[in-house]
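Take it one heading at a time and follow along on screen.

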Amino acid sequence: MIPLFLGFAALLVATSLLVILHKNPVTSALFLVLAFCSLAGIYLLLHAEFLGMVQIVVYAGAIMVLFLFVIMYLNLQHDVETGVQIAVRRGIGWLAGAAVLLTGATLFGVPAGGGSGWALGPANAVDPAAGAGNVRAIGRELYSRYLFPFELTSVLLLVAMVGVIVIARGGARRGGARRGGPPPAAGPADPPEDR
Amino acid sequence: MIPLSWLLALSAVVFTIGVVGVLVRRNALVIFMSVELMLNAANLTFVAFANHMKSLDGQIFVFFVMTVAAAEVAIGLAIIVHLFRLRETVFVDEIHLLKG
């Protein structure tokens, strides 16, 4: 289990670094898919089978397809970054990252209590997912204790869907109107906008 | 059993890579991908603690975070597409309307 974890962890860190270092956004997106897949592997090692599958289906599947679709739709050129200003900002960025990591490491070195320090002891004597499997246990929790938040997420997704359609459609209309030459004189002949 | 500290360290490293990506890159799409990396690092922490505490609550939180992330990506990409239509660029330092 430990060697598997180390392999997945190394893959995750390497692909995450490549995501932010590669010049071509398409390649970055593909490395991000690989990073999500290795994270799914870590979830499997942690006995979160449901989340591992959801990670692949939702992140590596749906979200990254959306990313690639938008990248290809926009037909981007390579990221050209030159000049001393870019170098300065890049240096500041890496320094800030190092500061964040150092802060984390400092907190990491001072455990608050005894024992392992970062967490209270086990909340349950036995793993609730043991035996029956993880999906069943999560389903029970979702449809009992977490039913209200679960239903709220469906509203959230609906709002997101409507929002995306409004943003995309509104942009097309306004752009088309602007490109159509000088604005027509206001008059009663103007048809009302269909809303 | 994977030690909790290793998982937390891995999560911290991935989160930091996300932070650096947001600060260093200027392509809005890559910045967005770095934000996704940070969200996933937080998710890893949730799952690690859920595993450590033998509790399912952390995993359910990750489920909700994934839902919110999906909605956020859809909205964000729509905004980026709209921005590209208006300004013909996705480089964040060429979008300086509020800079005065």
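## Two helices side by side

Let's start where the chains meet. In this predicted model, helix H2 of chain A (residues 25-45) packs with helix H2 of chain B (residues 28-53) at an angle of about 5°, and their axes are 11 Å apart. An angle under 35 degrees counts as roughly parallel, so H2(A) and H2(B) are roughly parallel to each other.

Which residues make this contact? From H2(A) come A:Pro25, A:Ser28, A:Ala29, A:Leu32, A:Phe36, A:Leu39, A:Ile42 and A:Tyr43, while H2(B) brings B:Leu29, B:Val30, B:Met33, B:Glu36, B:Asn40, B:Leu44 and B:Val47. By type, twelve of the contact residues are nonpolar, two are polar and one is charged.

## The wider interface

Now step back to the whole interface between the chains. Here 72 residues of chain A are in contact with 56 residues of chain B. On the chain A side, at least two residues each come from helix H1 (2-21), H2, helix H3 (49-74), helix H4 (84-109), helix H5 (134-142) and helix H6 (147-179). The chain A residues that touch chain B comprise 55 nonpolar, twelve polar and five charged.

Chain A itself is divided into domain 1, covering 1-75, and domain 2, covering 134-179. The C-alpha centres of these two domains of chain A lie 23 Å apart.

## Helix H3 of chain B

Next, find helix H3 of chain B, which runs over residues 57-87. From first C-alpha to last, its 31 residues reach 44 Å, close to the 45 Å expected at 1.5 Å a residue.

The buried residues of H3(B) are B:Gly58, B:Gln59, B:Ile60, B:Val62, B:Phe63, B:Met66, B:Thr67, B:Val73, B:Leu77 and B:Ala78. After H3(B) comes B:Glu88, with a positive phi near 60°.

## Positive phi in the loops

Most residues other than glycine have a negative phi.

In chain A, A:His47 sits in the loop between H2 and H3. A:His47 is not a glycine, yet its phi is positive, at about 65°. Is A:His47 buried or partly exposed? A residue needs 20 or more other C-beta atoms within 10 Å to be buried; A:His47 has 19, so it is partly exposed.

In chain B, B:Lys54 lies in the loop between H2 and H3. B:Lys54, a residue other than glycine, has a positive phi near 55°. B:Lys54 counts as partly exposed because it has 17 C-beta neighbours inside 10 Å.

Terms used:
Residues are numbered from 1 along each chain as its sequence is written. Chains are lettered from A and ligands numbered from 1 in the order in which they are written. This is a predicted model: local features need pLDDT of at least 70, side-chain atom pairs count only at pLDDT 80 or more; totals for chains, interfaces and linings use all residues. Domain bounds come from an automatic or database domain assignment. Axes are lines fitted to C-alpha atoms, for helices over the stretch in contact, and angles run from 0 to 180 degrees between N-to-C directions. Helices (H or I, at least four residues) and strands (E, at least two) are DSSP runs, numbered from the N terminus. Angles under 35 degrees count as roughly parallel, over 145 as roughly antiparallel, 65 to 115 as roughly perpendicular and the rest as oblique. Two residues are in contact if their C-beta atoms, placed from the backbone, lie within 7 Å. Ala, Val, Leu, Ile, Met, Phe, Trp, Tyr, Cys and Pro count as nonpolar, Asp, Glu, Lys and Arg as charged, and the others, Gly among them, as polar. The expected span of a helix is 1.5 Å times one less than its number of residues. A residue is buried if 20 or more other C-beta atoms lie within 10 Å of its own, exposed if 12 or fewer, and partly exposed in between; C-beta atoms are placed from the backbone.
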